[in-house]
Amino acid sequence: MNILHFSDTHLGYNDLDILNEDNINQREADFYNAFSQVVEQIKLTCPDYIIHTGDLFHRSSPSNRAITFALEQIREIDALNIPFILIAGNHSTPRTNLSSPILKIFESFKNVHVSYNQEYKKIEFGDVVFHTLPHMNDDSKALEQIELCESNIDAKKKNIMMMHCSVGAWYLMQEFGEWVYPTDKEYIFQKMDYVALGHWHGFGKVGKHENVYYSGSTERTSLNDKRNSKGFVELTLNDSLEINYKEIDIRPIISKEIDCEAYESSLASIDATDTKYAIVEVRLKNLTALQSIDIQNSDIKELFVDAMSVSIKREFKRGANETEVVDAEAISLEEFFLEHIKEDASEEEFDRLKGKVQELFAHYEESSDDTL
C-alpha cells in the first residue's frame with residue numbers, strides 16, 4: 001500500500017507586497033507553485049491513497065483566487081480515481097458557528113473525502129481505515145472524539161490516524177487556538193499502522209513513536225522558518241512501514257552578514273552569486289548609532305539586484321555584552337537613534353547631528369504615508 005502524505009499548504013498566503021508578471025502577490029504564487037509540484041508528483045506516482053492533514057487554505061475564508069486554484073487542482077486529483085482524504089486544520093476552521101467550513105466545497109467530488117466540524121470521522125475502504133481527527137477548538141470535546149477514534153480501530157485492517165495538532169510542547173506553533181494532543185492518549189499511536197500529522201511545518205518523526213510523522217509544510221508562512229527543505233511524505237505500508245521524504249523546489253532564504261566594525265572590507269567581501277530570485281536577509285552586526293545614520297538600506301540592496309526581496313536587520317552595540325536587533329524596514333525609532341548618539345558623541349557633536357536625524361525621520365515618515 002502506497003500513500004502520499006502532505007499538509008499545511010496554506011493556499012492564499014501572501015507577503016512582502018511584491019507582485020509577479022501576472023499581478024499576483026509573488027509569495028502567494030509561490031504557495032500555488034509548491035502545491036502544483038505535489039499534484040504533479042501524484043500524477044507521476046499514482047499512490048493508492050492521498051492524505052492531507054490540514055490547513056489547505058491559509059484562512060477559513062480564503063480569497064476567490066485561492067478557492068479557484070484549489071478547485072482546479074483537486075479536480076485534477078479527483079480525475080485520477082485515487083481516494084483523497086482531507087482534514088481541516090486550525091487555519092481552515094471557523095472560530096464561530098456563523099461561518100460555513102470551507103472544506104464543504106469539496107464534498108461533491110467523487111474521490112475526495114473531507115473531515116471537519118471538529119468531529120472524528122471514520123473513512124473506510126476495503127483494507128484500510130482512516131481515522132480522521134480535524135482541528136479541535138474545544139479540548140473537552142476533543143477528548144471525547146479521541147476516545148471515539150480508539151473504539152473504531154479495526155485490528156483486521158490497516159489503521160491510519162490523521163490529525164492536525166501539536167503532539168507535545170516541542171511542536172507548538174504559538175498560534176491562537178492550536179490544539180495540543182493529550183499526552184496520556186499517546187498510547188493509541190501504538191495501535192495504529194501510521195499516524196499522519198499536520199500543523200508543525202517541519203518534516204520528522206515524533207519522539208519515540210516510530211510510526212508518527214509530520215510531513216511539514218510545502219512553503220514558509222514566516223521568514224523565521226529558515227528550513228530550505230519543504231516537501232511531502234511517500235510511505236509504503238505492508239508488513240512494515242517505510243518512510244521516504246520527497247523535497248520540492250521552493251524559493252530559498254539566504255542570510256548574509258556585514259560586520260560594521262570592518263564595514264568597508266566586510267561589504268566588499270559579500271558574495272551575491274547565490275541570491276538570484278531568493279529572499280535575502282542581511283544582518284548588520286556591531287553597528288553604532290552614528291554608523292547607522294550613514295549606512296543606507298538602498299546601498300546594501302543594490303548588492304543583490306537579482307534577489308526577489310532584501311530585508312535588513314540592524315544589530316546595535318549597546319555595551320560589552322549587549323546587542324539589540326532592529327528591523328530597519330519597520331523603523332519608527334527616532335528616540336532610539338538620538339539616545340544612542342548621545343551615548344557615543346560629544347555634546348557639540350550631538351547638537352549637530354540631532355537636526356540631521358530629525359530631518360531623516362521626517363523624510364521617512366513622509367515617504368511611508370499611505371495617504372499620499
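Does Ile51 count as buried or exposed, and at what relative accessibility? Ile51 counts as buried, at 0% relative accessibility; buried means under 20% relative accessible area, exposed over 50%, and partly exposed in between (1.4 Å probe, protein chains only).

**Figure 1. Overview of the predicted model.** This is a predicted model, in which local features need pLDDT of at least 70 and side-chain atom pairs count only at pLDDT 80 or more, while totals for chains, interfaces and linings use all residues. Residues are numbered from 1 along each chain as its sequence is written, and side-chain values use heavy atoms, with hydrogens and water left out. The protein has eight helices and 16 strands; helices (H or I, at least four residues) and strands (E, at least two) are DSSP runs, numbered from the N terminus. Of the 372 residues, 51% are buried. Among contacts with a separation of 6 or more, 67% join residues 24 or more positions apart, where contact means heavy atoms within 4.5 Å.

**Figure 2. Surroundings of Ile51.** Ile51 is placed in strand E2. Beyond its neighbours within four places in sequence, Ile51 has contacts that include Ile3, Leu4, His5, Phe6, Phe84, Ile85, Phe130 and Ile160. Ile51 and Leu86 are 35 residues apart in sequence, yet their C-alpha atoms are 5.9 Å apart.

**Figure 3. Strand E3 and its partners.** Strand E3 (residues 84-87) points Phe84 and Leu86 one way and Ile85 and Ile87 the other way, and all are buried. In a regular strand the side chains alternate between the two faces of the sheet. Strand E2 (residues 49-52) runs parallel to E3 and is joined to E3 by three bridges; two strands pair if DSSP finds at least two bridges between them. Ile85 is the bridge partner of Ile51. Strand E4 (residues 112-115) pairs with E3 in the parallel sense over four bridges, and Val112 is the bridge partner of Phe84. A right-handed β-α-β unit is made by E2, helix H2 (residues 64-78) and E3; right-handed means that, with the strands pointing away from the viewer, the path from the first strand over the helix to the second runs clockwise.

**Figure 4. Aromatic pairs.** The whole structure holds 17 aromatic pairs. The ring centres of Tyr171 and Trp200 are 5.4 Å apart and the planes lie at 85°, so this pair is edge-to-face. Rings of Phe, Tyr and Trp (its six-membered ring) pair if their centres lie within 6.5 Å; planes under 30 degrees apart count as stacked, over 60 as edge-to-face and the rest as tilted. Because Tyr171 lies in the loop between strands E7 (158-164) and E8 (194-198), and Trp200 in the loop between E8 and strand E9 (204-205), the pair ties together parts that are 29 residues apart in sequence. Both Tyr171 and Trp200 are buried. Elsewhere, Phe6, Tyr32, Phe35, Phe69 and Phe84 form one aromatic cluster.

**Figure 5. A mixed open sheet.** Six strands form an open sheet with mixed pairing, in the order E5-E6-E7-E8-E10-E9. Strand E5 (121-124) and E9 stand at the edges, each with a single partner strand, so one side of each has no neighbour in the sheet. E5 runs antiparallel to strand E6 (residues 128-133), and four bridges join them. Phe130 in E6 is the bridge partner of Ile123.
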